[in-house]
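User: I have a model open and want to go through it piece by piece. Can you take my questions as they come?
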Amino acid sequence: MANTFYNEILTDHNIHPTHKYKMEDATFSLEGVNPSCGDDVVLYIKVNDENTIEEASFFGDGCAISQASADMMCDLIIGKSKEEALRLSDIFLRMIKDTITPEEKEELEEAGILEDIHHMPARVKCAVLGWHTMDQIFKDAEEGKVDKYDGKFEQ
Amino acid sequence: MSEITKEIRQAEDERIRKDFPILDGSFTYLDNGATTQKPKCVLEAVDNYYRTMNANPMRGLYKLSLDATEAYEESRETVRSFINAGSTEEVIFTRNATESLNLVAYTYGRAFINEGDEVVITIMEHHSNMIPWQQLCKEKGAKLTYIIPDEDGTISEEKFRSYMNSHVKLVSMTHISNVLGVKNDVKTFARIAHENGAVFSLDGAQSIPHTKVDVQDLDVDFLSFSGHKIYAPMGIGVLYGKKALLEKMPPFLFGGEMIEYVTTEGATWNELPHKFEAGTVNDGGAVGLSAALKYVSSIGFDRIEERELHLTKLMMEEMKKLPYIHILGKETAEDHHGIVTFTIDGVHPHDIAAIFDEHNVDIRAGHHCAQPLMKFCHTPSTVRASIGLYNTEEDVYKFLDALKKIRGEMGYQD
């Protein structure tokens with residue numbers, strides 16, 4: 001049997017995602033697309049008055065890596081502040097593109113299993129799609145561009 | 001034909017495999033629809049060209065350049081004979097099928113398609129036989145119509161006829177679909193198009209390695225194909241065009257070798273086929289293509305078609321036993337020409353390709369440069385296994401072994 005990258009944590013997040021649904025009352029939502037491979041997810045984030053991410057979900061199509069990565073990200077950022085979420089995203093992206101310390105990897109919890117993507121250039125875009133989309137949501141929010149996306153992809 | 005026994009097949013497999021140095025057994029190559037591996041004779045022909053006769057063809061008045069020119073023109077004759085063109089003037093070397101199709105759209109299209117005219121293609125075209133026509137029609141105010149086949153890819157004569165009208169000036173169509181594997185009855189369609197006063201352009205990129213393509217028998221006006229899909233190097237392709245059409249078409253690219261006489265005010269164009277071959281040509285590529293076509297001829301399409309059908313049948317029969325697999329196109333292996341495109345329930349094509357890769361089986365995942373067709377098939381992307389003349393039963397079994405493990409590796413308990 002070949003040494004497969006698709007371990008149980010990854011396949012479980014793909015087949016039985018916890019956070020894959022459309023959120024009706026999201027504070028922000030934004031679609032992220034990888035045009036070349038067709039991964040397409042909408043990320044929904046609800047932030048409360050205390051600046052805490054109360055709820056995060058995603059919906060869309062894509063390969064197991066894109067789906068599991070988005071699900072693990074939602075797991076990780078719920079209950080965190082925007083600043084904390086962005087810091088974790090920075091760690092994740094550095095893990096995929098470069099290297100991180102064992103302490104940093106610990107902080108990513110299950111998402112740390114995607115470290116091997118580092119050696120799979122063709123799948124980097126799949127792994128980072130959800131995270132990039134989150135970064136963009138907060139960047140747009142800061143620049144006052146949120147309204148443009150708010151509710152746009154809810155059907 | 002006498003019966004092909006297991007022994008005959010194995011001996012033939014062995015003989016053919018020896019011709020392909022890259023096929024060392026460490027991987028299973030089933031992405032022949034994308035590009036093919038190269039036999040030793042092709043590699044040696046290219047090597048020999050650069051070692052012993054490289055010079056700028058058709059330029060220098062010295063022996064080496066004359067040798068280079070001769071090699072180039074001999075290659076053109078090999079192509080002519082392979083597709084049974086009437087003369088070498090009708091054989092233009094290009095980079096690939098994409099460039100050939102663009103040449104037709106840019107020169108014939110821009111000279112002879114006008115506002116209110118109609119260009120007919122099909123929904124199963126590769127992007128390279130779609131976007132050039134989209135651009136042309138947009139520019140000219142012409143109408144682009146897509147023939148929509150039956151669910152399984154069939155275009156009946158009656159259906160084709162229903163798309164013809166007095167505005168239709170050009171039909172451009174694939175011979176074999178790079179996704180469905182289905183072969184279009186282009187001989188009949190070309191006849192109907194001609195009766196309707198339209199010219200017929202054929203995209204032979206997928207058919208040329210699998211079946212005999214005789215331009216006079218099919219009576220097509222243009223034929224485009226790539227060398228690299230028929231065991232030749234990348235970067236050499238062919239456009240066949242009927243002489244009467246090529247003569248009245250303006251040049252495609254301008255520069256050296258395509259002119260007859262130049263002044264500061266203008267130029268007159270060189271004769272066919274050089275009018276369409278501006279700049280220094282790919283002589284090494286042409287020599288490689290010639291060697292590849294001779295190699296294919298030495299095996300012969302009778303044997304190639306039998307070999308490929310035998311493997312397609314084996315592959316499809318086994319795949320049909322797995323209820324979670326869905327094959328696109330027709331039920332019968334005869335209508336697939338070595339191309340088997342499919343989906344697996346619950347597993348994204350990119351994950352399928354990645355797991356095949358873990359098992360050292362090379363197949364293609366994605367939209368296969370045919371996004372409108374994917375939409376027609378109600379799927380964003382698929383996986384394609386495509387067979388070449390060197391594939392064997394062992395390759396198919398390795399593919400099937402990996403295939404059967406995929407759902408399990410993705411966490412499903414079947």
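User: In what sense do β2 and β3 of chain A pair, and over how many bridges?
Analyst: Strand β2 (residues 39–47) of chain A and β3(A) pair in the antiparallel sense, over 8 bridges. Two strands pair if DSSP finds at least two bridges between them. Helices (H or I, at least four residues) and strands (E, at least two) are DSSP runs, numbered from the N terminus.

User: What stands opposite Y44(A)?
Analyst: S57(A) in β3(A). Before going on: this is a predicted model, where local features need pLDDT of at least 70, side-chain atom pairs count only at pLDDT 80 or more, and totals for chains, interfaces and linings use all residues. Residues are numbered from 1 along each chain as its sequence is written, while chains are lettered from A and ligands numbered from 1 in the order in which they are written.

User: Fine. What is the strand order in that sheet?
Analyst: β1-β2-β3 of chain A, in an open sheet of 3 strands with antiparallel pairing. β1 (28–34) and β3 (53–61) of chain A are the edge strands, each pairing on one side only. From one strand to the next the twist averages 15°.

User: Which helix packs on the sheet?
Analyst: Helix α2 (residues 64–77) of chain A, which touches β2 and β3 of chain A. The direction of α2 makes about 175° with that of β3(A). Axes are lines fitted to C-alpha atoms, for helices over the stretch in contact, and angles run from 0 to 180 degrees between N-to-C directions.

User: How many residues of domain 1 of chain B are in contact with domain 2 of chain B?
Analyst: 22 residues of domain 1, with 17 residues of domain 2. On the domain 1 side α11(B) gives the most, with 4 residues. That side has 10 nonpolar, 7 polar and 5 charged residues.

User: Is β7 of chain B covered or exposed?
Analyst: Mostly covered: 5 of the 5 residues in β7(B) (222–226) are buried. A residue is buried if 20 or more other C-beta atoms lie within 10 Å of its own, exposed if 12 or fewer, and partly exposed in between, with C-beta atoms placed from the backbone.

User: Which way do they point?
Analyst: F222(B), S224(B) and S226(B) point one way from β7(B), and L223(B) and F225(B) the other way. In a regular strand the side chains alternate between the two faces of the sheet.

User: What are the partners of β7(B)?
Analyst: Strand β6 (residues 199–203) of chain B runs parallel to β7(B), joined by 3 bridges, and D203(B) stands opposite S224(B). Strand β8 (residues 237–241) of chain B runs antiparallel to β7(B), joined by 5 bridges, and F222(B) stands opposite G241(B).

Notes
Contact = placed C-beta atoms within 7 Å. Nonpolar A, V, L, I, M, F, W, Y, C, P; charged D, E, K, R; others polar.
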